[in-house]
Amino acid sequence: MPETHALVLGGGGTAGIAWTTGILVGLADQGQDLRDADLVVGTSAGSTVGAQLGSGLSYDELFALQTDPARQSRELPSRFDLREFSGRMETALTDGLSYPALRKLVGKWALEADTPAEAARRAVIAERLPSHKWPARRMVVVAVDAETGEVKLFDQDSGVDLVDAVTASCSVPTIWPAATVAGHRYVDGGMRSPDNADYAAGFDRVTVISPVGSADPFPVEFSLEDAVAELRKGGARVDVILPDAMSRAAIGNHPLDPDSRIPAADAGRAQGRAIELGR
């Protein structure tokens, strides 16, 4: 039987989209094309990249979406106190809250927050995606129900519009509005895990591209390290790509800043050109 391959694309804001795109383009520059993966697991920024990757655009066109000012999508201004938000989550855990209960609490914060209008945020996501059709190959988009804290997986068989699914996965709580999909409200899938790599279980080969990795600023239930250990225990060959020093500097401390796109994409492409998968 042919080897099965899952591609896991993690969250990381606007900079994470650009850097992950750069990595994929850099890998393709030296003959390692990951578009043939049997499954793409996309969380937050990774759901955007997964949708773009499956849109039919060439790698040069995908790279231009990040680096050509004339082709960059419009982004809403944002102000986000990452340290304060993370501290609120840490306090809730210290007080004895379980992770599912914490996700539900974060969803409550999101529903109560003063954010841009849902329609305005959805329009931004729609502009990011070259195609609004689900990719031909299977893609799973991870989000969290804001009212129940339960994890929701959207795919081609969900009967949900691709733009709605990606909007839900990218709905960073308290900064962007919880996204309404089929009568439910959803927040960022990164509230479960920045990568959700465990959803690649059962595949022979797994490639994880993680803008955040172990440096996730939020307390999450499933760390990348634990997920990778379980995948390898199950027999998978796992490659994990994390930002190198130059990429970390390019991504910077404000990953939602649209000005990070060009340096992050350039650094990712340079890094991708130097990576040999499977070693």
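1. Basis. The model is predicted: local features need pLDDT of at least 70 and side-chain atom pairs pLDDT 80 or more, whereas totals for chains, interfaces and linings use all residues. Residues are numbered from 1 along each chain as its sequence is written, and side-chain values use heavy atoms, without hydrogens and water.

2. Overall form. The protein chain has ten helices and eight strands (DSSP runs, H or I of at least four residues for helices and E of at least two for strands, numbered from the N terminus). The C-alpha atoms fill a box of roughly 45 × 45 × 40 Å along the principal axes.

3. Burial. Of the 279 residues, 54% are buried (under 20% relative accessible area, with a 1.4 Å probe and protein chains only). Helix H2, residues 45-53, has nine of nine residues buried, so the rest of the structure largely encloses it. Among them are Ala45, Val49 and Leu53.

4. Aromatic pair. The structure holds one such pair (ring centres of Phe, Tyr or Trp, the last by its six-membered ring, within 6.5 Å; planes under 30 degrees apart are stacked, over 60 edge-to-face, the rest tilted). Phe154 and Tyr186 are edge-to-face, at 5.3 Å centre to centre and 80 degrees between the planes. Phe154 lies in strand E4 (residues 151-154) and Tyr186 in strand E6 (residues 184-188), so the pair ties together parts 32 residues apart in sequence. Both Phe154 and Tyr186 are buried.

Conventions. Buried < 20%, exposed > 50% of the residue type's maximum accessible area, 1.4 Å probe, protein only.
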